[in-house]
Amino acid sequence: PLAVLRTRRPVRACRAQRHARAGRGAMTVARSGPLRPLLLRPLLLQSLLLLDSAVTAGSQPPAPSPFETVARQLQEDECPDLEPWSVDTWVVLQRHFLESHALFFGPEVERRWAALEAVLQGLGVLMGDLRVAYQCPMACTRFFRVAADYALALDQPSRSRALLQVGNIFKLQAMSRWWTHVGSKLPDGPGRRYETRMQVEYTIAVTQLHEALMAPHRPMARFSGRTAAPKVEVHSICNYKPDPTSNTGFDCPLPQMSVPNHRAYSSKFGYHYVLHTELPLPDREAHYSKMLVIHEALRSSRAPDWVFFIDCDAFFTNMEISIPDVLETYGAAGLSGPHFLVAEDPGGINTGTLLVRRSEWSIAFLERVAASQFGIAWDQSMFFWELLRPTLLTTGAVPESELAAVLGGHERRADFRLPPEVAFVHQAHLNGFVPPASRDWSAYEWQPGDFVRHFAGCPWQEKHCLGLMQETVASMGQGVAS
């Protein structure tokens, strides 16, 4: 059914997927009754590459689907507020995911692989035109959850975790809309709960997979000195507007608290410290400018080897750990190794601290992030999706000559992997959280001796959080700037 979308707008197939699958023809699955989608031809992986099948003038229309009626009913139930231009597109997508679901439940392993490929294609359509996805974020959440279940059943836990994490981002968007338009207007009680089962099941799945797959909490290595120490710059953005709703005062005290901490750390190791108080994007929140200031620093005529970016609500808490120590720990201290280091948490990544190597890959990556429209979870979802996008929605090309042998032999395909230029870092080494966020998000909680304490989800406007910030400054023996 996704072939129809090639003739509709605004849905657009992902350009990278189109190129990756160029030349691979599509076969039509014959149907003669409501159960015929379950009767598969050999090499069915090709039969569902409909997204990239050109629909030319005079071509035969797609065969009718036994799920046509229920797909429209689901669209009406799950996405009642769709704008008219997107209704037919969502019906096609609902039908596609139902046919994929029917495909999955059968004894043959090739059916399950084909179903996973088909579901990933559908997700590619949604991520290829976010205007469509944003029309119904809770349906996107469910589709990503289905894909994650399929991937896990096919022994691909890393792909499953990443799919859940992207689906969780859409869940945040759906919750926010519900709270704004409905939940905040309801009295306390069960009516103020939103999709409770979905929330609980997502939390369980994401935290369990994260616990099994996350970067290990190993001892921090020390820079070996086998190569020259890299040139490092530390950058931060501190730009806050007065907040009349704050519980701790009208003006933000963070620049007077964290900037001396950043300066003291940088001075100790001889790193150049750059404080940004003006935003490249003055009409947007500060975090949407961080990829731009890093990009500018790496393209400077005096560009360092590495930029360490730290948010204004984060503090260095171990002055004995150098940036090269972190790089050494994750195999990036030399000329080879990762180009981008970021701390992971159950929800994906947190970009409160970043390490970015000067390289062509980093420049191109930052430009893709800056152009991203996937800003549901601020800059974090923009960074996260650009890390996943190259390979998350494909299980890997298998030559046609080898496909039957792979499927017939039930050979396991390689699980999803991050690009070799990327390393996920344990939070203790880059970005430890504080309560209540650490507990609400089932994430790692900062401990004495950790490198950075970050107040993500704990704003200066709350007395508890400001107290912890003041405690952090005092523990480091650093005063507050006047």
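**Note on the salt bridges**

1. At a relative accessibility of 31%, Glu201 counts as partly exposed, a class lying between buried (under 20% relative accessible area) and exposed (over 50%), with a 1.4 Å probe and protein chains only. Its salt-bridge partner is Arg197, with the closest N and O atoms 3.4 Å apart, and Arg197 counts as exposed at 63% relative accessibility. Both residues lie in helix H8 (residues 196–213), 4 residues apart, or about one turn of the helix; helices here are DSSP runs of H or I with at least four residues, strands are E runs of at least two, and both are numbered from the N terminus.

2. This is a predicted model, in which local features need pLDDT of at least 70 and side-chain atom pairs count only at pLDDT 80 or more, while totals for chains, interfaces and linings use all residues. Residues are numbered from 1 along each chain as its sequence is written, and side-chain values use heavy atoms, with hydrogens and water left out.

3. With a salt bridge taken as a side-chain nitrogen of Lys or Arg within 4 Å of a carboxyl oxygen of Asp or Glu, the count comes to 21 salt bridges. One of them joins Arg161 and Glu344 at 3.2 Å, N to O; because Arg161 belongs to helix H7 (residues 157–181) and Glu344 to strand S5 (residues 340–345), this pair ties together parts 183 residues apart in sequence. Arg161 counts as buried at 11% relative accessibility, and Glu344 counts as buried at 5%.

4. Glu386 forms a salt bridge with Arg368, the closest N and O atoms being 3.6 Å apart. Glu386 is buried, with a relative accessible area of 8%, whereas Arg368 is partly exposed at 31%.
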